[in-house]
Amino acid sequence: MTDASTAGSRPAPPAAPLGPGEPVLAFDVGGTDIKAALVDAAGRLAELVRVPTPHAGRDTGEAVVAAVAGLAERFAAGHPEVRPRAAGVLVPGHVDDEAGVGVFAENLGWRDFPFRARAEEALGLPVSFSHDVRGAGEAEHRLGAAAPYRDVVVMAIGTGIAGAIFVDGRLYTGGGLAGEMGHSRVADGPLCPCGGVGCLEAVASAAAIARRYAEASGEAVAGAREVLERAEAGDPVARAVWDSATDALALDLSHTVALLAPEAIVIGGGLAQAGPALFGPLEEKLDRILTFQRRPVLLPASVGENAGVIGAALRARDLLAS
């Protein structure tokens with residue numbers, strides 16, 4: 001469900017520009033790659049690149065800031081006519097937006113790292129800092145499938161699972177902890193890297209689906225896409241794993257509906273590429289669980305694979321506007 005990339009590769013820019021505004025830098029840091037973009041005054045992505053995320057244990061935060069600074073220098077050399085006035089930086093894990101701190105990232109090694117302050121020092125620019133899924137969710141809420149709705153959840157299902165929550169049109173962060181849907185308990189197992197048991201992320205993320213199939217069948221697979229292909233070809237183990245994943249997702253979404261009553265739930269990330277094979281059973285199972293609750297529209301995300309950098313750019317412009 002994920003695409004391969006090489007260092008310095010250039011993903012295709014989005015079809016729709018961000019619109020006129022201040023030129024900015026945008027960085028979407030992931031566990032595997034950093035996507036970076038230079039956005040010009042017309043709202044076009046003057047350059048968009050992807051490079052490997054550096055992993056340096058407890059020093060990964062500093063290594064990421066150094067990579068961000070290096071990418072900014074690369075953009076300046078290639079596009080001297082575009083002079084960014086701010087930057088947006090998104091990272092995974094537990095993020096305190098207001099303090100500008102990456103509190104904890106289990107897969108990347110940092111704890112309480114002052115990303116905003118260090119990035120501002122390295123770039124010489126004001127920096128907007130947030131969680132990667134919240135940033136991508138903002139892009140989806142302003143420019144994509146979530147745009148028509150004021151009460152909406154944008155959920156990303158990939159290596160992990162998390163969501164961006166919009167209540168009355170405003171992003172709700174809960175001190176950086178809102179939207180951690182992947183760590184709600186939906187089953188009696190397996191163990192989750194967070195220390196919990198039966199977390200949604202350990203059952204229904206793309207990585208979990210592939211891992212659970214390999215454990216049950218004794219056969220390694222390339223990813224969740226291959227598990228789905230085997231399920232559709234009649235493999236009973238693959239079918240059981242896929243069905244249990246959609247069961248868990250429907251259960252988790254029922255909790256979201258009971259608590260927030262969203263008008264819509266927009267689903268993105270690698271697993272959403274399964275299309276009707278995901279949305280069909282998910283909608284059917286959710287409908288069976290719900291009784292009097294408002295039934296949300298389930299929609300695929302529409303901004304595309306660059307939603308993170310687009311969201312980071314929007315946040316950088318917001319910072320300047322404020």
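A: Contact means heavy atoms within 4.5 Å, and the elements are DSSP runs, helices (H or I) of at least four residues and strands (E) of at least two, numbered from the N terminus. The model is predicted, so to speak of local features requires pLDDT of at least 70 and side-chain atom pairs count only at pLDDT 80 or more, while totals for chains, interfaces and linings use all residues. Residues are numbered from 1 along each chain as its sequence is written, and side-chain values rest on heavy atoms, without hydrogens or water.

In the contact of interest, G61, E62, V64, V65, V68, A69 and A72 of helix 1 meet F115, R118, A119, A122 and L123 of helix 2. By class, these residues are nine nonpolar, one polar and two charged (Ala, Val, Leu, Ile, Met, Phe, Trp, Tyr, Cys and Pro are nonpolar; Asp, Glu, Lys and Arg are charged; the others, Gly among them, are polar). The two helix axes come within 10 Å and cross at roughly 35 degrees; axes are lines fitted to C-alpha atoms, for helices over the stretch in contact, and angles run from 0 to 180 degrees between N-to-C directions. Helix 1 passes helix 2 in a right-handed crossing, that is, with the near helix turned clockwise from the far one by less than a right angle.

A cavity is a set of points on a 1 Å grid over the protein atoms alone where a 1.4 Å probe fits but cannot get out; a pocket is an open set with protein on both sides within 12 Å along at least five of seven lines; lining residues have an atom within 4 Å of a point. Points are joined across faces, edges and corners, and volume is the space filled by probe spheres set on them. One cavity of 30 Å³ or more is counted. The largest cavity has a volume of about 40 Å³ and is lined by V64, V65, V68, V89, F115 and A119. Helix 1 (60-78) and helix 2 (115-123) are the elements giving two or more residues to this lining. Helix 1 supplies the largest share, three residues, and the lining comprises six nonpolar residues, no polar and no charged ones.

G102 has F113 in strand 7 as its bridge partner.

Elsewhere, an open sheet of five strands has the order 11-10-9-12-13 and mixed pairing. Strand 9 (residues 152-157) pairs with strand 10 (residues 161-167) in the antiparallel sense over six bridges, with V152 opposite F166. Helix 3 (residues 132-143) packs on this sheet, touching strands 9, 10, 11 and 12, and its direction makes about 50 degrees with that of strand 10. Helix 7 also packs on the sheet, at about 160 degrees to the direction of strand 9. The second largest pocket holds about 200 Å³ of space, and helix 7 (residues 236-260) gives the largest share of its lining, five residues.

Key
Pairing = 2+ DSSP bridges.
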